[in-house]
Amino acid sequence: MADLFSQKPVAPLAEALRPKTLDEVVGQSHLLGEGKPLRLAFQSGQPHSMIFWGPPGVGKTTLARLTASAFKCEFIALSAVFSGVKDIRASMEQAEQNLALGKHTILFVDEIHRFNKSQQDALLPYAESGLVTFIGATTENPSFEVNSALLSRAQVYVLKSLTDEELRLLLKRVQEEKSLGDLKFEEQAVDTLIGYADGDARRFLNLLEQTNTAAKTSGIATVTADFLQNALTLNSRRFDKGGDNFYDQISALHKSVRGSNPDAALYWLTRMLDGGADPRYLSRRIVRMAWEDIGLADPRAMQIANDAALTYERLGSPEGELALGQAVIYLAVAAKSNAGYNAYNQARAFVKKDKSREVPVHLRNAPTKLMKELGYGHEYRYAHDEPHAYAAGETYFPDDMLEPGWYKPVPRGLEGKIADKMAFLRKLDEDAGK
């Protein structure tokens with residue numbers, strides 16, 4: 001009887017089909033096509049330090065391994081999740097041994113953004129000395145996550161998610177190599193798998209492998225979309241709650257609202273909800289949009305945004321998400337104004353750099369006899385006793401400060417009427433000889 005524990009583990013489909021040459025790589029044509037940067041780098045015969053930046057499953061590790069193969073270098077791989085300075089030093093000792101044998105070493109650090117500053121600094125002297133050629137991989141923006149000294153010594157290559165057509169090409173290759181036997185797929189099933197792969201080749205191959213296992217178990221020869229929905233746990237699309245993907249999508253939502261496009265606003269909201277974003281965070285951002293981009297042009301926007309946030313708190317998901325959706329629709333179609341936002345920022349900036357000016361005597365409170373004797377509140381004009389409830393010609397700024405004119409209402413929505421009223425009051429000031 002065969003010893004079960006002596007059997008070799010079967011490599012996952014994604015590992016078994018890992019490209020062995022540059023021409024086998026699917027995707028990244030902007031880098032690997034003829035005359036493109038990474039293709040030229042491979043053809044140069046001179047390895048250089050580089051950082052691969054892109055989402056999961058687009059070939060960062062594969063390209064690093066192919067680099068070592070193309071330049072006939074030894075390959076040392078570290079994971080920043082599990083490695084520290086001690087591992088870096090051990091790798092450098094191995095690199096010195098390789099050099100003594102006439103072999104150059106490529107040091108690959110996966111998820112380099114997870115190394116702290118001291119760990120990244122530990123790599124510097126070895127990269128500078130030429131002992132190793134450094135290659136890092138990251139899903140985070142290296143401008144923020146990789147220290148400047150290391151970043152300045154490496155060429156950054158930006159990798160992109162695979163397109164639907166590239167994933168179809170990958171499926172064709174899997175079928176040609178009979179990795180799934182004779183399993184067939186209806187077109188809608190392929191669309192479903194591609195949709196949930198979300199541009200991630202590794203996830204796509206894993207889904208194919210899971211589908212193959214489920215089909216064999218069920219005796220299915222042709223995979224349909226209904227079979228996938230019943231047989232597989234189809235997780236949400238890729239969504240990095242703390243990285244660039246997150247902030248890019250919230251930026252797209254905000255700009256869609258500001259740009260008065262309700263359908264685009266709904267798209268980005270539902271994309272984020274589908275990906276697992278916290279609806280409470282989204283509700284806070286929606287309230288912020290109302291104050292920043294609509295302001296007094298339509299005060300109902302703030303009320304609707306706040307009501308939507310409260311509705312979500314009361315109902316939770318998924319029922320409360322409808323309120324957030326309707327809020328972004330209203331904000332998108334509402335009249336827009338950033339006049340209040342600009343005025344507030346200008347006032348803050350002015351006060352921050354300005355001196356401490358005294359409150360004018362006529363505006364000071366006078367609760368005591370001494371204060372009254374000092375003139376506090378003297379000649380203050382009570383606006384309600386004046387025509388139009390406005391003390392024409394009165395000033396409310398410090399004596400040595402000119403009117404700054406920060407708030408400039410736009411001619412849209414309610415702010416159009418506010419602008420008319422302000423013009424009327426300025427005319428009263430002029431008539432009063434201010």
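How many aromatic pairs does the structure hold? The structure holds five aromatic pairs, where rings of Phe, Tyr and Trp (its six-membered ring) pair if their centres lie within 6.5 Å. The views below come from a predicted model, in which local features need pLDDT of at least 70 and side-chain atom pairs count only at pLDDT 80 or more, while totals for chains, interfaces and linings use all residues. Residues are numbered from 1 along each chain as its sequence is written, and side-chain values use heavy atoms, with hydrogens and water left out.

**View 1. The aromatic pair of Phe42 and Phe71 is stacked.** The two ring centres lie 6.0 Å apart with 25° between the planes, and planes under 30 degrees apart count as stacked, over 60 as edge-to-face and the rest as tilted. Phe42 belongs to helix H3 (residues 37-44) and Phe71 to the loop between helix H4 (60-70) and strand E2 (74-79), so the pair ties together parts that are 29 residues apart in sequence. Helices (H or I, at least four residues) and strands (E, at least two) are DSSP runs, numbered from the N terminus. Both Phe42 and Phe71 are buried, a term that means under 20% relative accessible area, with exposed over 50% and partly exposed in between (1.4 Å probe, protein chains only).

**View 2. Phe75 and Phe108 form a stacked pair.** Because the ring centres of Phe75 and Phe108 are 5.9 Å apart and their planes stand at 25°, the pair is stacked. Phe75 lies in strand E2 and Phe108 in strand E3 (residues 105-110), so this pair ties together parts that are 33 residues apart in sequence. Phe75 is partly exposed, at a relative accessible area of 24%, whereas Phe108 counts as buried at 2% relative accessibility.

View 3. Thr61 is partly exposed, with a relative accessible area of 23%. Thr61 and Ile135 are 74 residues apart in sequence, and their C-alpha atoms are 9.6 Å apart in space.

**View 4. The largest pocket holds about 1000 Å³ of space.** A pocket is found on a 1 Å grid over the protein atoms alone, as an open set of points where a 1.4 Å probe fits, with protein on both sides within 12 Å along at least five of seven lines; lining residues have an atom within 4 Å of a point. Grid points are joined across faces, edges and corners, and the volume is the space filled by probe spheres set on the points. There are 42 lining residues, of which Pro55, Pro56, Gly57, Val58 and Lys60 are the closest to the centre of the largest pocket. The elements that give two or more residues to this lining are H1, H4, strand E4 (132-138), H9, H11 and helix H13 (244-258).

**View 5. Gln28 is buried in the loop between H1 and helix H2 (29-32).** Gln28 has 3% relative accessibility. Not counting residues up to four places away in sequence, Gln28 touches Gly33, Val58, Leu159, Lys160, Leu162 and Glu166.

**View 6. Helix H11 (residues 201-218) has Asp200 as the cap of its N-terminal end.** The 18 residues of H11 reach 26 Å from the first C-alpha to the last, close to the 26 Å expected at 1.5 Å a residue, the expected span being 1.5 Å times one less than the number of residues. A side-chain oxygen of Asp200 lies 2.9 Å from the backbone nitrogen of Arg202. Among the buried residues of H11 are Phe204, Leu205, Leu207 and Leu208, and the buried residues of this helix pack against helix H1 (13-16), helix H9 (164-176), strand E6 (184-185), helix H10 (187-197), strand E7 (222-223) and helix H12 (225-231). Gly219, whose phi is positive, near 70°, follows H11.

**View 7. The peptide bond from Ser317 to Pro318 is cis.** Its omega is near 0°, and Pro318 is found in the loop between helix H16 (300-315) and helix H17 (321-333). In H17, the buried residues include Ala323, Leu324, Val328 and Leu331.

Definitions and conventions:
Contact = heavy atoms within 4.5 Å. Polar contact = N/O pair within 3.5 Å; in protein donor to acceptor, adjacent residues only side chain to side chain.
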